[in-house]
Every structure is written in structure tokens, then in C-alpha cells.
Amino acid sequence: MSQFQSLAGKLLVAMPGIGDPRFEHAVILICAHQADHAMGLRLDRPAPGVDLRTVLDKLEMRDADKAPDQAVLVGGPVDRERGFVLHTDDWTAPDASLPVGEGLAITATREALAAMTDPVTRPRRSVLVLGYAGWGEGQLEDELTENVWLTAAPTPELLFDADHATKWTRALAGIGVDAAMLSAQGGRA
């Protein structure tokens, strides 16, 4: 049996024909990965008709009008009302921010939302993500063995830019894969 290797801080890039429409062309940052579970945030699917200012207004957050003009993302099918701020680690909340790879953290507090509106103290880069993708014990490892996902290193552009429509293709290109050459048919040799 092989030794467990955490993918926290890495990207999962969906293969064509993944078999689950919720994850077609998905680019997911793995935020936590242990032997008994994994959790990630999808970074390429904007929530239709929802932006950061709208969410902050709905939560009656002070200074909502100072929030950057940016989309809110659908992070996955689990707990879609729960928000996570993915951000650079130049801003963190003691006892609330979880480091995710080099230079990144996630924080699921109102404090993180408030920080996004402060032009002086806000993180250099951040995005609000609603919901997450989750895997039970051995599930992600099985999917990797079945070639459902490719893994890639994150880049600031893939994590934070607003060009969501091309993130999947760019993530594949970053690992030397031409999306046009991929087949939805799998096989075993």
C-alpha cells in the first residue's frame, strides 16, 4: 500500500467525461486533504447574478459599497450557503484562517468579508466562494486512480483572475496538456 500524500494547495483539473455535470471543466483548489477526507473550492464557476457587493449588502455589512467589483464563485455542491474567502496570506484572522499552500489561506468569517472592503488592510488578492467540494475517506484517491482528475500547481491568475471561462484550458496548458487533444473516453493498458 502506498503512503498517503496530501494534495492540499494543489489544483484538481477535471478530465473530459468526468461523469458528473457539476464538475465538467472544473478547476478546484484542494484546501484540506487528509487520509479520511478532502475539501476543495471550485474556482471557475461564477454564481449567476451574484457579485460580492450584493452578498455584502444582503449580510448588511458596513462599507459593502467599497468592495471590489467581482463575481462570487460556486465552490461546489456541498453547503452552498456557507462562504469561504480564499485570499493571499498578507491578511489573516488569528484562529480563523487556514493556510492553504504557499502564500494562501481560507477564512470563513465575517471578519474576512469586512477585510475585503477595507482598501488599506484587505488581502492583496481575494475571492468569495460559496459552497465546497468534499470527498470521503479514499474517494479522492480512487478518482485520481481512475484518471478523473489531473493535478496542477496553482498560479495567482488561475486562483484569482476573472477570466473564468478559460481557467480549465489554462490549467491544462500549464501542465503541458492541450484540451483539444483530450478524449472523454478512458481506458486501461
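Let's start at Asn147, which at 48% relative accessibility counts as partly exposed; buried means under 20% relative accessible area, exposed over 50%, and partly exposed in between, with a 1.4 Å probe and protein chains only. Please keep in mind that this is a predicted model, in which local features need pLDDT of at least 70 and side-chain atom pairs count only at pLDDT 80 or more, while totals for chains, interfaces and linings use all residues. Residues are numbered from 1 along each chain as its sequence is written, and side-chain values use heavy atoms, with hydrogens and water left out.

**Overall architecture**

- Five helices and ten strands make up the secondary structure of the protein; these are DSSP runs numbered from the N terminus, with helices (H or I) of at least four residues and strands (E) of at least two.
- With a radius of gyration of 17 Å, close to the 16 Å that the globule rule gives for 189 residues, the protein is as compact as a globular protein of that length (the radius is taken over C-alpha atoms, and the rule is 2.2 Å times the number of residues to the power 0.38).
- Along the principal axes, the C-alpha atoms fill a box of roughly 60 × 35 × 25 Å.
- Of the 189 residues, 42% count as buried.
- Taking contacts (heavy atoms within 4.5 Å) between residues at least 6 apart in sequence, 64% join residues at least 24 apart.

**Surface and charge**

- The accessible surface comes to about 10,300 Å², and 50% of it belongs to carbon and sulfur atoms (areas come from the Shrake-Rupley method with a 1.4 Å probe; for residues, only the protein chains shown count as cover).

**The aromatic cluster**

- There are three aromatic pairs in the structure; rings of Phe, Tyr and Trp (its six-membered ring) pair if their centres lie within 6.5 Å, with planes under 30 degrees apart counted as stacked, over 60 as edge-to-face and the rest as tilted.
- Phe23 and Trp149 form an edge-to-face pair, because their ring centres are 6.0 Å apart and their planes stand at 75°.
- That pair links distant parts of the chain, 126 residues apart: Phe23 sits in the loop between strand S1 (11–14) and strand S2 (27–34), and Trp149 in strand S10.
- Phe23 is buried at a relative accessible area of 11%, and Trp149 is buried too, at 5% relative accessibility.
- Trp149 also pairs with Trp135: the centres are 6.3 Å apart and the planes at 80°, so this pair is edge-to-face.
- Since Trp135 belongs to strand S9 (residues 126–135) and Trp149 to strand S10, the pair ties together parts 14 residues apart in sequence.
- Trp135 is buried, with a relative accessible area of 6%.
- Taken together, ring pairs link Phe23, Trp135 and Trp149 into a cluster.

**Leu11, a buried strand residue**

- Leu11 is part of strand S1 and counts as buried, at 0% relative accessibility.
- Not counting residues up to four places away in sequence, Leu11 touches Val27, Ile28, Leu29, Leu43, Leu150, Thr151, Ala152, Ala153, Pro154, Leu158 and Leu159.
- Leu11 and Ala93, 82 residues apart along the chain, have their C-alpha atoms 24 Å from each other.

**Loops and positive phi angles**

- Asn147 lies in the loop between helix H3 (139–145) and strand S10 (149–152), and its phi is near 60°, a positive value in a residue other than glycine.
- Asp63 has a positive phi as well, about 65°, although it is not a glycine. Its place is the loop between helix H1 (52–58) and strand S5 (71–74), and it counts as partly exposed at 27% relative accessibility.
- Arg53, in helix H1, is ten residues from Asp63 in sequence and 9.3 Å away in space, C-alpha to C-alpha.
- Arg53 is partly exposed at 32% relative accessibility; leaving aside neighbours within four places in sequence, Arg53 is in contact with Ala64, Asp65, Ala67, Pro68 and Asp69.
- Thr121, in the loop between helix H2 (110–116) and S9, counts as partly exposed at 41% relative accessibility.
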